[in-house]
Amino acid sequence: MANIVEVKKAYKFYGGTTALDFIDLDIKKGNIVGLLGPNGSGKTTLLKVIANVIHPESGEIFVDGKKVGIETRKIVSYLPDNDFLLKWMTLNNAIKFYEDFFEDFSKEKMMDLLNFMELDGKLAIKVKDLSKGMREKFNLSLILARDAEVYLLDEPIGGVDIITRDNILESIINTFVEGKTIIITTHLVSELEKILDEAVFIKDGKIILQGNCDDLRMEYGTNIEGVYRQVYRGV
Amino acid sequence: MNFDENTPIYLQISNLIKIGIVQGKYNPGDKMPSVRELSTELKVNPNTIQRAYSEIDKEGILYTKRGMGTFVVEDLKIIEGLKVNMAKTTVEKFLDEMDSLGISTEEIVEIIKELRRD
């Protein structure tokens with residue numbers, strides 16, 4: 001199977017430390033991939049260089065065989081881990097903004113997602129007036145409503161209640177189309193167990209283990225959370 | 001559906017499907033739910049469902065018609081064989097536990113007879 005994302009010897013100095021340490025990573029097309037690691041391991045920085053919102057000091061990144069840039073941004077849908085919408089916007093404004101900005105944005109898919117997220121009655125409300133959980137659901141909906149090749153989701157379930165989390169995970173599975181690729185960062189490993197095809201473990205800006213989740217369960221005789229413990233604590 | 005995440009999820013799903021076939025939830029010749037349907041129902045990644053289907057396909061219990069979907073084989077002998085195999089696996093597990101308790105085959109038979117009487 002072809003690689004949809006290739007990171008070659010990427011080095012990035014960020015926030016006063018080495019965030020990516022000549023990292024190499026290949027991601028196969030058509031998988032839901034978990035990018036796992038403790039805080040400060042380089043997960044967010046890695047997503048950012050793939051999304052082309054920051055640039056590595058050295059190394060190269062390819063998406064669908066093309067060097068990252070304007071062209072690859074059109075096929076990458078990126079959910080940052082912070083609020084990215086302007087506070088004064090209503091949900092309707094934000095949807096219109098996305099519709100104008102991204103050719104592959106589907107209003108119909110967006111409405112289905114909002115219906116599923118139970119946000120369809122809140123379109124006239126301002127983004128700043130949503131609760132944290134609602135905001136996360138809304139932000140994710142905007143990202144998933146695009147018909148991209150690669151979805152990069154930075155901590156989509158961080159800091160939300162369990163019902164919202166289930167809601168979010170279900171919407172990710174339901175919108176996952178054959179041949180598309182989703183990369184999700186998280187430190188909440190157990191919540192993502194059932195939806196991941198592949199796990200990538202990152203530590204100090206390097207990949208230390210990568211594999212199919214079911215193969216890893218077989219090899220380690222434990223769940224992905226157990227593998228995580230072994231990898232990071234050596235137990 | 002809760003899975004035991006310590007063992008591969010695709011194996012648990014293929015087991016679940018086989019139980020369904022033995023129980024007659026899915027009959028010979030029946031069309032199985034699509035990967036997408038099962039993925040939504042079990043809240044599991046569709047690739048994992050696909051892998052489970054391929055696994056049972058390899059064992060000759062399901063087959064895929066291009067563009068039509070996945071079906072249960074019509075051959076009743078194969079399904080009978082599956083039933084016996086699954087029973088054997090369950091009994092083997094049971095016998096391992098009995099062995100670890102140091103209970104002899106004669107004693108096991110006695111216990112079964114006693115419990116089955118009522």
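The model is predicted. In chain A, six strands form an open sheet. In chain B, helices H1 and H4 come within 10 Å of each other, axis to axis. A:Glu118 and B:Lys43 each have a positive phi without being glycine.

**The sheet in chain A**

- The strand order is S6-S7-S8-S3-S9-S10, and the pairing is mixed.
- Strand S6 (76–79) and strand S10 (206–212) of chain A are the edge strands. Each of these two pairs on one side only.
- From one strand to the next, the twist averages 15°.
- Helix H9 (residues 224–233) of chain A packs on this sheet. H9 touches strand S3 (32–36), strand S9 (198–203) and S10 of chain A. The direction of H9 makes about 25° with that of S9(A).

**One strand pair within the sheet**

- Strand S7 (residues 150–154) and strand S8 (residues 181–186) of chain A run parallel.
- Five bridges join S7 to S8 in chain A.
- A:Val150 has A:Thr181 in S8(A) as its bridge partner.

**The helix pair in chain B**

- The two helices are H1 (residues 9–23) and H4 (residues 76–100) of chain B. Their axes cross at roughly 120°.
- That angle makes H1(B) oblique to H4(B). An angle over 145 degrees would count as roughly antiparallel, and 65 to 115 as roughly perpendicular.
- The crossing of H1(B) and H4(B) is left-handed.
- H1(B) brings B:Lys18, B:Ile21 and B:Val22 to the contact. H4(B) meets them with B:Ile79, B:Leu82, B:Lys83 and B:Met86.
- Of the residues in this contact, five are nonpolar and two are charged. No polar residue takes part.

**Two loop residues with positive phi**

- A:Glu118 has a phi of about 60°. A:Glu118 lies in the loop between helix H4 (107–116) and helix H5 (132–144) of chain A.
- Is A:Glu118 buried or exposed? A:Glu118 counts as exposed, because it has 11 C-beta neighbours inside 10 Å and the cut-off for exposed is 12 or fewer.
- B:Lys43 has a phi near 55°. The loop that holds B:Lys43 runs between helix H2 (35–42) and helix H3 (46–58) of chain B.
- B:Lys43 has 15 other C-beta atoms within 10 Å, so B:Lys43 is partly exposed. Buried would take 20 or more.

How values were computed
Residues are numbered from 1 along each chain as its sequence is written. Chains are lettered from A and ligands numbered from 1 in the order in which they are written. This is a predicted model: local features need pLDDT of at least 70, side-chain atom pairs count only at pLDDT 80 or more; totals for chains, interfaces and linings use all residues. Axes are lines fitted to C-alpha atoms, for helices over the stretch in contact, and angles run from 0 to 180 degrees between N-to-C directions. Helices (H or I, at least four residues) and strands (E, at least two) are DSSP runs, numbered from the N terminus. Angles under 35 degrees count as roughly parallel, over 145 as roughly antiparallel, 65 to 115 as roughly perpendicular and the rest as oblique. A crossing is left-handed if the near helix is turned anticlockwise from the far one by less than a right angle, and right-handed if clockwise. Two residues are in contact if their C-beta atoms, placed from the backbone, lie within 7 Å. Ala, Val, Leu, Ile, Met, Phe, Trp, Tyr, Cys and Pro count as nonpolar, Asp, Glu, Lys and Arg as charged, and the others, Gly among them, as polar. Two strands pair if DSSP finds at least two bridges between them.
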